[in-house]
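This briefing covers the domains, the ligand site and the salt bridges of one protein. Please read it next to the model.

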Amino acid sequence: MSVNLPPDLPENIFQTVFEKSPGSLLVKADSPLFTILAASDAYLVITASNRDTIVGKGFFEVFPEDESKFGEDVNARNVFTKVIESRQKIDVPTYRFDVYDPIAKNYEIKYWSCSNTPILDESNKVAYILNTVVDITGEVKAKEGAIESEHRLRLATEAAALAIWDLNLLDLSFIYSPRLSEILGHSPESGITLSEIRNQVNADDMQNIVLKAFHESLITGKYLYEVRIYWPDGSLHWVKTQGVVLQDEKRQPVRLLGTILDITETKRDEIRKNDFIAMASHELKTPLTSIKAYIQLLAQKMASSNDNVIINMLSKANQQVNKMTDLIHGFLDLSKLEPGKLQLKMQDFDINQVINDTIIETKTTSTGHIVKFEEQGPIIIKADKEKIEQVVNNFLSNAIKYSDKGSKILVSVKKTDGDLQVAVADEGIGIKAKEQGKIFQRFYRVENTRMKNISGFGIGLYLSSEIIQRHKGKIWVESKEGEGSTFYFSLPLQV
Ligand code: ADP
């Protein structure tokens, strides 16, 4: 094939094109010398060499062979020889050739990708080899960095005994670390499928926790839950899983990523502690009931006498016994909060009646506060009456406990789009904004000088919030330190 060149094309155009091309070197196939015939500007820069001093010299005179690489595929002499023998282009995707930096006076680590193309003569023999090189140091270093950080992440997760998993929601492909099999009671080498995992999760937890968390995670973008699982040997274990949902550009969920931790030991400790609390509270209940009965009998006997000091003392003793009974009931309830243990007994009732009863009850044990109830017409709800009574009682007794005698407490109830809302407002010590989110946690009590003389264990609001949450309702507080607090709960009217 002949090419007609435009007449005004300079004679040395091909030389210019070659010299301006990226990293190219042309060598003669005159093994063992491999004479350099031409080098591009870029090649000279890359190799820190000079055209006049390299053209006409043997390739290995200019670039001495790395003796440590003799016999390896990346060795240039081997590659050139193979190109001549095979008459095929040979690529060396990555090799290291450090370049001397005359300013810094040291060798800089450099990685190259190189290809060697044979150029044949009329008799189909390799006459020249076109050697082109591309600097890929940046890419190699980035890859090394990624491998290094992956390695570090793996060490960290292994140290924390965490398993990692990655579920593709589009094709359900599932990638996980070997620790996952161990956490689920299999050997680390044995694989595990999604359906095997699903079958190991306690059926109730699957329904009430996993599926719920999954649907919520599609909205919130993250999930965190604890579930019971059964190992293949039938033993019961607990795992905590936490992770994120990744979305595509159309905001469709595409991947679930997360970690799983075995929390069996912590859970067993918690259960032992709860069992102890349950047992101790239960044992305390019996003698306390007797003490209460004796106090009431004595009070009846003394009622006809005129000894007001003793009557007063018996009334105080009765109040303290009631206080202690409430505390013990609180501990008993606390120990019943294990999954599946707090059963709701749903029934229809009027919330106004529950509030009125609770107010009457608390008024008998406390004096001095002005409790007002803004009653509306009857509002029938379907809920666990006893438990809702417990929440109202907790709000009311806290309002009394944390405000001065003589101050006002206002209880109100209203319907707001599909919900029932109950509020108990006091003019008491109030709660700092930063404490407001914490008071619903188990055993949390605000610490300040005014709290010092007020007894409590910090479980009332925790229990209340558990009860309300299990009714699918909401619980919250609005408060200003020194001015008072209003505690609210709302329940869906339609269950
Ligand atoms: P307890 O009252 O036994 O400490 P709770 O769980 O009922 O436990 O309340 C947790 C904490 O919240 C209390 O210790 C108190 O610091 C704060 N708190 C609750 N109700 C009120 C209120 N009405 N006014 C001010 N602080 C309150």
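A residue counts as buried under 20% relative accessible area, as exposed over 50%, and as partly exposed in between. With a relative accessibility of 22%, R51 therefore falls in the partly exposed class. The model is predicted. The points below take the domains, then the ligand, then the salt bridges.

**Domains**

- The domain assignment divides the protein chain into domain 1 (11–141), domain 2 (160–262), domain 3 (267–335) and domain 4 (346–492).
- Taken over C-alpha atoms, the centres of domain 1 and domain 2 are 53 Å apart.

**Ligand site**

- The ligand is surrounded by 22 residues, and the closest are N398, Y402, D426, R445 and L461.
- Sorted by class, this shell holds 12 nonpolar, 7 polar and 3 charged residues.
- D426, one of the closest residues, has a side-chain N or O atom 2.8 Å from a nitrogen atom of the ligand.
- K401 places a polar side-chain atom 3.0 Å from an oxygen atom of the ligand.
- Two or more residues of the shell come from each of α13 (385–401), α15 (460–470) and β19 (484–492).
- Of the elements, α13 gives the most to the shell, with 4 residues.

**Salt bridges: R51 and D41**

- The count of salt bridges comes to 17.
- In one of them R51 pairs with D41, and the closest N and O atoms are 2.5 Å apart.
- R51 belongs to helix α3 (residues 51–54) and D41 to helix α2 (residues 41–46), so this pair ties together parts that are 10 residues apart in sequence.
- D41 has a relative accessibility of 26% and so counts as partly exposed, as does R51 at 22%.
- The two residues also belong to a network of salt bridges that links E19, K20, D41 and R51.

**Salt bridges: R179 and E182**

- R179 and E182 form a salt bridge through their side chains, at 3.6 Å from N to O.
- Both residues lie in helix α7 (residues 179–183), where they are 3 residues apart, about one turn of the helix.
- R179 is partly exposed because its relative accessible area is 25%.
- E182 has a relative accessible area of 34%, so E182 is partly exposed too.

**Salt bridges: R228 and D205**

- The side chains of R228 and D205 form a salt bridge with an N to O distance of 2.9 Å.
- R228 sits in strand β10 (residues 222–230) and D205 in helix α9 (residues 203–220), so the pair ties together parts that are 23 residues apart in sequence.
- Are these two residues buried or exposed? R228 has a relative accessible area of 18% and is therefore buried.
- D205 is buried as well, because its relative accessibility is 4%.

Definitions and conventions
Residues numbered from 1 in each chain as written. Predicted model: local features only at pLDDT ≥ 70, side-chain atom pairs only at ≥ 80, totals over all residues. Heavy atoms only, no water. Domains from an automatic or database assignment. Near = heavy atom within 4 Å. Polar contact = N/O pair within 3.5 Å; in protein donor to acceptor, adjacent residues only side chain to side chain. Nonpolar A, V, L, I, M, F, W, Y, C, P; charged D, E, K, R; others polar. Salt bridge = Lys/Arg side-chain N within 4 Å of Asp/Glu carboxyl O. Buried < 20%, exposed > 50% of the residue type's maximum accessible area, 1.4 Å probe, protein only.
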